[in-house]
Amino acid sequence: MKFVLLATASIVAFASSSLAQPSAQPPTSNLDKLSSFQGTGTAEPRPIAQEGRRADAIRRNLERVQLPAGFKIDLYAIVPDARHMAVGPNAGVVFVGTRKNNVYVVTDRDKDRVADEVKQFAPSVAFKIPNGVCFSRDGILYVVEQNRVLQFPAAEFFYEGPDVAAFVVAKQGDLIPPTEESFNHTARVCRIGADNKLYVALGQPFNVPPKEKMDLYKRAGIGGIIRMDQDGKNREVYATGIRNSVGMDFNPADKSLWFTDNQVDGMGDDQPPGEINRIAEMGQNFGFPYYGGGTVRTVEYKDDQVPADAIVPQAETDAHAADLGMMFYTGRMFPQTYQGGIFSAQHGSWNRTKPIGARVMFTPIKPDGTADKPQIFAEGWLTENGEYLGRPTDVAMLPDGSLLVSDDTAGAIYRISYEGR
């Protein structure tokens with residue numbers, strides 16, 4: 001009860017801040033109403049069925065997944081189009097973004113590590129590609145869309161009803177210039193740093209951008225990572241030279257920001273490599289589009305001078321495996337070998353003559369804070385015939401230290417746990 005009262009007080013504080021300035025006119029849109037703590041009349045969404053033929057088929061497919069000794073994988077939830085995940089810091093409720101128009105919320109009420117309920121979150125809000133979800137340490141949920149950022153204070157406590165407190169951090173059209181909106185590379189991801197700022201990765205819309213776009217993209221942070229205060233103020237470009245990052249996390253050991261990056265297509269099956277990168281300080285450049293991945297030069301920029309300060313990846317991964325979501329493992333369930341290392345999801349190739357990926361990777365971190373060689377942790381979603389039974393998209397950790405893996409092809413979330421040898 002004490003926490004609920006504190007959470008309520010926090011929401012009231014937000015309502016009096018710049019995020020919730022009172023309007024001279026009665027609120028008209030659903031988002032305006034939610035920002036004024038008014039109901040929208042939206043009906044309670046129907047829960048997503050968790051059992052039946054589909055769930056049975058997914059469980060059969062999971063029998064093919066290979067894991068290190070002592071680990072097992074189970075179906076955690078059926079979640080349509082499941083992409084990036086954010087686990088609530090207070091109740092362990094899981095919020096799931098998609099590349100479509102919905103955000104979902106997953107509840108395990110009896111804590112048996114299987115979802116009891118999955119339903120649409122904030123159904124009265126018209127989302128557009130709400131892929132990126134992340135929590136602040138005090139329980140504020142951020143949803144990063146294609147070209148907007150929304151904030152949901154106390155989302156873990158309001159999600160039970162169709163109306164939730166919601167505020168605009170970056171209004172529609174302010175995240176990137178509207179002229180640069182595209183159907184390509186629009187899945188944003190976000191994290192809150194130790195500085196309490198909101199970090200957002202902005203993939204650029206081209207395979208390799210034309211030179212006339214470079215100045216605009218550098219100013220806007222497109223093809224980079226931006227950061228801002230949690231109310232949207234003091235926006236700045238944090239890193240550049242990034243093609244399309246769809247996964248990032250802070251290393252709790254030194255607070256550095258790490259991210260995956262997807263390499264240029266059309267350069268052959270085996271080049272350029274995928275990337276896992278580390279940002280040591282603001283302003284670093286990671287070499288794209290002069291490099292298409294690793295230190296492989298792009299055709300379009302092969303005659304241009306590479307910036308002298310370009311940073312090479314901490315680790316290279318298989319070409320076109322599509323490295324997406326990543327996280328540092330801070331739990332205690334898994335053996336010591338995995339603690340402090342990086343788990344990441346490889347979505348799988350789309351244009352390689354022999355498909356590769358569709359697996360969960362693990363990258364150890366050396367004592368000096370640098371990355372060791374990535375290794376396969378879980379695989380089996382890609383058959384010998386090149387058919388995808390699923391495509392891992394993101395990874396997240398439950399409070400008990402088990403690992404969640406989202407799959408936007410199967411429309412599911414899996415749970416990997418460790419029970420010893």
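Which side chain makes a polar contact with the side chain of Glu419? The side chain of Lys72 does, at 3.2 Å. The structure is a predicted model.

**Glu419**
- Glu419 sits in the segment after S27.
- With a relative accessible area of 58%, Glu419 is exposed, because the cut-off for that class is over 50%.
- Beyond the residues within four places in sequence, Glu419 is in contact with Gly70 and Lys72.
- The C-alpha atoms of Glu419 and Ala69 are 9.3 Å apart, although 350 residues separate the two in sequence.

**Gln346**
- Gln346 belongs to strand S22, which spans residues 342-346.
- Its relative accessible area is 0%, so Gln346 counts as buried.
- The side chain of Gln346 makes a polar contact of 3.0 Å with the side chain of Asp323.
- Apart from neighbours within four places in sequence, the contacts of Gln346 include Thr317, Ala321, Ala322, Asp323, Gly357 and Pro392.
- Between Gln346 and Asp394, 48 residues apart along the chain, the C-alpha separation is 8.4 Å.

**Largest pocket**
- The volume of the largest pocket is about 870 Å³.
- Its lining consists of 28 residues, and those closest to the centre are Val87, Phe135, Arg191, Asp249 and Thr330.
- Two or more lining residues come from each of strands S2 (85-87), S6 (132-135), S10 (189-192), S14 (248-250), S21 (323-328) and S25 (392-397).
- Strand S25 gives the most to this lining, with four residues.
- By class, the lining of the largest pocket holds 18 nonpolar, five polar and five charged residues.

**Second largest pocket**
- The second largest pocket has about 510 Å³ of space.
- It is lined by 22 residues, of which Arg99, His185, Asn244, Asn262 and Trp350 are the closest to its centre.
- The lining of the second largest pocket has six nonpolar, eleven polar and five charged residues.

**Helix H3**
- Helix H3 covers residues 53-62, and its buried residues are Ala55, Ile58 and Leu62.
- These residues lie on the same side of H3, because they cover an arc of only 60° around the axis.
- An α-helix has 3.6 residues a turn, so residues three or four places apart point the same way.
- Exposed residues Arg53 and Arg60 are on the face of H3 turned away from its buried side.
- Strand S1 (71-78) and strand S27 (412-418) are among the elements that cover the buried residues of H3.

**Backbone features**
- Most residues other than glycine have a negative phi, and most peptide bonds are trans.
- The peptide bond from Gln271 to Pro272 is cis, with omega near -10°, and Pro272 lies in the loop between strands S15 (257-261) and S16 (274-279).
- Phe288 and Pro289 are also joined by a cis peptide bond, with omega about 10°; Pro289 is in the loop between strands S17 (284-285) and S18 (291-293).
- Phe37, in the loop between helix H2 (30-35) and H3, has a positive phi, near 60°.
- The relative accessibility of Phe37 is 42%, so Phe37 counts as partly exposed.
- Lys111 has a positive phi near 55° and is placed in the loop between strands S4 (103-107) and S5 (117-121).
- Lys111 is partly exposed, at a relative accessible area of 44%.

Key. Residues are numbered from 1 along each chain as its sequence is written. This is a predicted model: local features need pLDDT of at least 70, side-chain atom pairs count only at pLDDT 80 or more; totals for chains, interfaces and linings use all residues. Side-chain values use heavy atoms; hydrogens and water are left out. Buried means under 20% relative accessible area, exposed over 50%, partly exposed in between (1.4 Å probe, protein chains only). Contact means heavy atoms within 4.5 Å. A polar contact is a pair of N or O atoms within 3.5 Å; within protein, one must be able to donate a hydrogen and the other to accept it, and residues adjacent in sequence count only if both atoms are side-chain atoms. On a 1 Å grid over the protein atoms alone, a cavity is a set of points where a 1.4 Å probe fits but cannot get out, and a pocket is an open set with protein on both sides within 12 Å along at least five of seven lines; lining residues have an atom within 4 Å of a point. Grid points are joined across faces, edges and corners, and a volume is the space filled by probe spheres set on the points. Ala, Val, Leu, Ile, Met, Phe, Trp, Tyr, Cys and Pro count as nonpolar, Asp, Glu, Lys and Arg as charged, and the others, Gly among them, as polar. The arc is that of the directions from the helix axis to the C-beta atoms.
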